[in-house]
Amino acid sequence: DQDPRDALWRKRAQDYGRMGSPLRPNAQDIGFLEDAVARWSADAGRPPVALLLGVTPAITQMRWPAGSRLRALDKSPDMVRALWSPPAGLDARVETGEWLEMDRHVAAGSIDLAFCDGGFTLFRFPDEQRRLAEGLARVLSPGGLAVLRMFVRATGTDSPDRVLADFEAGAFDSFHAFKWRLVMAMQQDEQAGVDLDDVHRRFAERRSGSAAFRSALARFDAATVDTIDVYRGLHQRHFFPALPSLEAAFAGALTRRSHSFPDYPLGDRSPTIVWSKAD
């Protein structure tokens, strides 16, 4: 059977340039990563060997200490062709492969810093996300860190009806923030996740049935609104565990050392978390 993630990555390769925060990291998110790299390098007295799960352009192009080496792993040839763009001075290479099989591509203990921007969300919780954590723990060097931007379930309650009503009331300055909050609000259980086609159907029903909603949509350019059409017919589930659930799932593999929240809309659900190998 075809993995629905393959279809998502093909579409993402085409529309990545139209995405905004929180779906793409902004300068503040990248600042968290650069600070982690600088601190690790200062403590170690050398530049890092880094692993990037994915080909996030803002990460490949961020400030790296001289002599850093970057290895990237991405399943999608479409994403690699569209987005792999490291700066000329960086020792960087990319391989095509499954993150859940990173052992086939990355030697044990060979990585000082591992990065991933939001990608854990596409994997079942807790089993597949734990396997990713275990894979990272195996490839990290002694003292190595995984620095991951992760999408987590909000504290308190939210609902699709509340999100849609807030949108009609003009509460969103970013269509991407609205879209992502709607995805998150439609998850009823962190182990069940949410199907993206269900999100699109809920959106389309509201658009066809509510003049107020259509009026609110008119505040945003059509190309941005059209990004939600990526979800139509796409039975890819996304999973948003709470931060304590993540820590419990990763226990024995990775231990949370710190986390930082950005200040953009939904930043409270998009922390950059620094993990070390569990003792």
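How far apart are the mean positions of the positive and negative charges of the chain?

1. The mean positions of the 36 positive and 38 negative charges are 1 Å apart. Lys and Arg count as positive and Asp and Glu as negative, while His and the chain ends are not counted. Each charge is placed at NZ of Lys, CZ of Arg, CG of Asp or CD of Glu.

2. This is a predicted model, in which local features need pLDDT of at least 70 and side-chain atom pairs count only at pLDDT 80 or more, whereas totals for chains, interfaces and linings use all residues. Residues are numbered from 1 along each chain as its sequence is written, and side-chain values use heavy atoms, with hydrogens and water left out.

3. The chain holds eleven helices and nine strands (DSSP runs, H or I of at least four residues for helices and E of at least two for strands, numbered from the N terminus). Of its 279 residues, 54% count as buried (under 20% relative accessible area, with a 1.4 Å probe and protein chains only).

4. In helix H5 (residues 127-139), the end C-alpha atoms are 19 Å apart, which agrees with the 18 Å that its 13 residues should span at 1.5 Å a residue (1.5 Å times one less than the number of residues). Buried residues of H5 include Leu 132, Ala 133 and Leu 136.

5. Tyr 264 lies in the loop between strand E8 (254-260) and strand E9 (272-277). Its relative accessibility is 10%, so Tyr 264 counts as buried. Leaving aside neighbours within four places in sequence, its contacts (heavy atoms within 4.5 Å) include Ser 21, Asp 29 and Arg 149.

Technical notes:
Buried < 20%, exposed > 50% of the residue type's maximum accessible area, 1.4 Å probe, protein only.
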